[in-house]
Amino acid sequence: MQILKARFALRATASQFQAWSSAKTRTAATDSKIVEYKPIRSVLVANRGEIAIRVFRACTELGIRSVAIYSEQDKLQMHRQKADESYIVGKGLPPVEAYLSIPEIIRVAKENDVDAVHPGYGLLSERADFAQAIINAGLRFIGPSPKVVQQMGDKVAARKAAIEAKVPIVPGTDGPVTTKEEAVEFCKSHGLPVILKAAYGGGGRGMRVVRKMEEVPSAFERASSEALGAFGNGSMFIERFIERPRHIEVQLLGDKAGNVVHLYERDCSVQRRHQKVVEIAPAPKLDPKIRQKMVECATHLARHVGYENAGTVEFLLDDKGNFYFIEVNARLQVEHTITEEVTGIDLVQSQIRIAEGMTLPELGLTQDKIQAQGYAIQCRVTTEDPANNFQPSTGRIEVFRSGEGMGIRLDSASTYAGAVISPYYDSLLVKVISHAHDLPSSAAKMNRALREFRIRGVKTNIPFLLNVLENQKFLNGSVDTYFIDENPQLFMFKASQNRAQKILNYLGYVLVNGPATPLATKIPPSDVKPYIPQVPLDLSPEAIKRQELTGENTAVQPPKGYKQILDEGGPEAFAKAVRQHKGLLLMDTTFRDAHQSLLATRVRTHDLLAVSPYVAHNFNNLYSLENWGGATFDVALRFLHECPWERLHDMRQLIPNIPFQMLLRGANAVGYTNYPDNVVFKFCDMAVQAGMDIFRVFDSLNYLPNLVLGMEAAAKAGGVVEAAISYTGDVSDPSKTKYDLKYYTKLADDLVKAGTHVLAIKDMAGLLKPQAAKLLIGAIRAAHPHVPLHVHTHDTSGAGVAAMLACAEAGADVVDVAVDSVSGLTSQPSMGALVASLQGTPLDTKIPLQKVSEYSAYWEQARTLYGPFECTATMKSGNADVYLNEIPGGQYTNLQFQAFSLGLGSQFEEVKKAYREANLLLGDIIKVTPSSKVVGDLAQFMVQNKLTAADINARAEELSFPKSVVEYLQGAIGIPYGGFPEPLRSKVLKDMPRIEGRPGKELPSLNFDKLKGELKESFPDINDEDVMSAAMYPQVASDFFRFRDKYGPVKHLDTKTFLVGPAVGDTIEVKIERGKTLDIRTVAVSEDMTAAGEREVFFELNGQLRSVFIRDENASKEMKIHPKAVKGDKNQVGAPMPGTVLTIKVKEGDKVEKGQPIAVLSAMKMEMIVQAPKAGTVKTVSITNGQKLEGDDLICTIE
């Protein structure tokens, strides 16, 4: 300790000698009274956070030893590390009370040879008894005398002093008010509005404006309670409230010799809940005459009361130029920084020097030497969520990056990654101060600095501050205390994307808990990085210049294709061009139906986009590219956690020349149920706007009313209508009479009459044999020579290529194929085989076989990434038994996976036989989603329960059939050709309701605006496409929105990482947008869990260490952890902020109305009433009085 003191003595010598020299040259001319100079060697700061650090820095510059105190809860806070010494105070006391324990603070000071105590601001800084106790202990108090602190801290005494000094005041109470009855009496006598203020504290704590008499009692109680918690005294002062004032405060310095100077004023009008948010020095557009009168009143009042050290006199300035004294803050202010910037005077050092006994003239601080240069702005960055009514945000700071540079000053405390923001103290995180020659320039610097900040893990008010800084009224300096209230646009925020941290959270989740999407097989994704075939580069001077600027190569524009014909001439011109084409046209299903059939629809946008430029450049003469609709919509949301609309937009950007085709399930759109007509029409319209061109419209039962609705919706949207006839049976087999040639030609006639542009045959099970193909296509071609014909099949039997060649020869214009490496089995026939077979013939596709080979090579590698969904895990070859069971190709492998999951894997042959029996039981129906699911569900039900067709017929009245079977028999998906099977239908349905006609016809229109409003309550950033996704799949979409909010754009991850996560030590690159790439290295996963059941996962992101805490879902099951309210569940009420439960207003079984108080929470010295979001009955209450809650912790459920 002696060595430490000697070191400080040496460090202080130069600074203190200079001060001593100045003091020795005093003359009677400079001082009105003799003041003893006594140097200060050590200072204890009786405070915490950034103000403590601010004082420590001043001490260090003056060569003075600094001493910190800290509560038990603050042991990890930065202020104790910035001091030369630090000591715990108030051990065993609550967090705030530790800093309010005067005996404890004096004990630490006396035990550690402290000369003086600086109170900072807040806490004990305006307590006269604290100042007196410091002096009584033989220490120096760096601030006004206890008498002045008492006089100025007592708002009544301060008003009396102002009256004596002839300073204008606002009418108010003569003394502190302690009861609500006194408050009501004052208001009745003096009228409203009034403002309630804490009599023994400031900073907006315990302050309320009251405009209605009935609100006076409750407002008084709340304000008094808040003041008691913040300052230890709940007494209130009441005064008339001045409407539309500016809040101007004058900074003063006084010495022990009676000298007083002002350091100009600050405008603190930008306030919320009477707490200053943004401050400006000097006050803009302040009349110089008013300024002069104001500073004269302030200095006169200070001399009148014998004020010494730093202080602030606060005024309200009305729009007529009248100003009124509010109060004196007998301490340093939070916003003292901007005065320091414009005057160049260090206020904290001045405080210490004055406490040593130096006079203002000795410090060079005479009024004629003090000038204000330029404008300074201070923004208080707080851990509050401006989008959620500024509720406090607590937790661990996961990322902290500040904004710096010329003209920027930062005063902060615990601003570093890993710091924990507790609910016990003020929410101030960092003060950002800008200084420039004028107000707009200062605002521009502040704006730039705030935009450089990156704070993750807790919410901050930075978005709100940026809105303030960009408001023209603020930039003009024309603000009053109503500025925030009257500018609701300040609360319109563009949410921070926080993509990098969200992706780290996703990777951490997979590392701790395993895959976030269910894996169907044990085949792991491969380590391969598929080779992407190159596209020709643009070597024009303009492109080379772009490359120099952006670092990216630019491909030449792909050649024109049928998309351009469609865009220029519309659907009719497109259909005419297709029909006039001499060779066979192809539709490539690789981007949709191929991987739906082989890989459970799991191929991700990431891998589709990688090869898209190659497809655009080399397959421009494709009829279309099937890439959307059908199961891809559902699977993208449910399992791939990506937006199908974004997939469509992204593909269209990369493939501008090939028409896109989707599968539209008629009145079912892309869902599995019936939708109101307006939903189907709006869906098609939005799909066209997003880039869709051709709608293959089908119905799972070939039910014409459903088909026509889908056709009309697609046509009205401006799309190409490709009405599809779903094929089953065998037109070449005379014994199969239900679905004969006449049936199909009649349906074709109906669809052509309904206005289809293209007619399609949808052979979803691959049942169309070559001979049948010739008969069917030949007959339709003869009947409709001008209508393009398009044929779709699956290669389950292995005869797909032969069947498609037969179709082409019979007059088909287009057939469906998949690139070789994802063709065959239950997928489509091979593109390469068909291209090669037609080379040199009149039907030549003109597609180079080499290009098909390169395209196939990519998918051969990419397919290995999807090992967990590989159909060859269970299906090793094609199987001609499809002609018996008629299982659609898209369903075949899914049915096989379902059989395994139900424990029926070894009985799949039985399932296939049961599928045939189930089909016949249901009336030998068309089988395609959703009707195929009905047959599949019944088949597995039969195998699982060991039921035959005879058993089903005999026991139909007593069996509990799958839901899909019951709904089909009710008519929920339409009416099958030939009608429903009887008596089976009657036995199953009994008295259940039946649907007659088109199922969706009677559904009321969906109110999209209402749906959007409901969704925005839980997901504020959703767009219209998200709303449509929710209309299609309500629960699936909500789950996806929650996932997206939590984990961000996981679509940018490579597929192996997305499925199974990275290995420790792996480094991956994630390109989140052009010019922005994340370099992520996985460092470690902690073995130990936190008390909340979380493991810490460490990464290096772009070379900087980051970590995330992930709940271990398996290990934490055995731990008692408070449940969270589920986002979007309106029955659950979650804590709007972290805090302590003060009171619980309801109990289980209580009936509550919407808006009724449920509980009162307290955090960061702010109380919040939690209200019922709906009327209902309280089912459960999950909290207790005094319990500490985290954000979103479940409070209660209401039903």
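Strand 25 (residues 660–664) and strand 26 run parallel and are joined by four bridges; here strands (E, at least two residues) and helices (H or I, at least four residues) are DSSP runs, numbered from the N terminus. Two strands count as paired if DSSP finds at least two bridges between them. Within this pairing, L664 has V697 of strand 26 as its bridge partner. The model is a predicted one, in which local features need pLDDT of at least 70, side-chain atom pairs count only at pLDDT 80 or more, and totals for chains, interfaces and linings use all residues. Residues are numbered from 1 along each chain as its sequence is written, and side-chain values use heavy atoms, with hydrogens and water left out.

Strand 25, helix 24 (residues 677–690) and strand 26 together make a right-handed β-α-β unit. A crossover is called right-handed if, with the strands pointing away from the viewer, the path from the first strand over the helix to the second runs clockwise. On its other pairing, strand 26 is joined by four bridges to strand 27 (residues 720–726), and these two strands run parallel. R696 has E722 of strand 27 as its bridge partner. From strand 26 the chain crosses through helix 25 (residues 704–717) to strand 27, and this β-α-β crossover is right-handed.

In a regular strand the side chains alternate between the two faces of the sheet. In strand 26 (residues 694–697), I694 and R696 point one way, F695 and V697 point the other way, and all are buried. Buried means under 20% relative accessible area, exposed means over 50%, and partly exposed lies in between (1.4 Å probe, protein chains only).

Elsewhere in the chain, five strands form an open sheet in the order 3-2-1-4-5, with parallel pairing. Strand 3 (85–88) and strand 5 (140–141) stand at the edges with a single partner strand each, so one side of each is left without a neighbour in the sheet. Strand 1 (residues 42–45) pairs with strand 4 (residues 116–118) in the parallel sense over three bridges, and L44 has V117 of strand 4 as its bridge partner.

The largest nonpolar core has 151 residues, and F683 and W859 have the most contacts inside it. Such a core is a set of buried Ala, Val, Leu, Ile, Met, Phe, Trp, Tyr and Cys residues joined through side-chain atoms within 4.5 Å. Helix 17 (residues 499–513) gives the most to this core, with eight residues. Leaving aside residues up to four places away in sequence, F683 touches several residues, including W628, F633, W645, M1028 and M1032; contact means heavy atoms within 4.5 Å. A second, separate core of 36 residues includes L701, Y703, A914 and F961.

Helix 34 (residues 931–944) has 14 residues and reaches 20 Å from its first C-alpha to its last, close to the 20 Å expected at 1.5 Å a residue; the expected span is 1.5 Å times one less than the number of residues. Eleven of the 14 residues of helix 34 are buried, leaving the helix mostly covered. Among the buried ones are S931, V935, L938 and F941. Just after helix 34, K946 takes a positive phi of about 55°.

The chain as a whole contains 41 helices and 42 strands. Of its 1199 residues, 58% count as buried. Among contacts between residues at least 6 apart in sequence, 70% join residues at least 24 apart.
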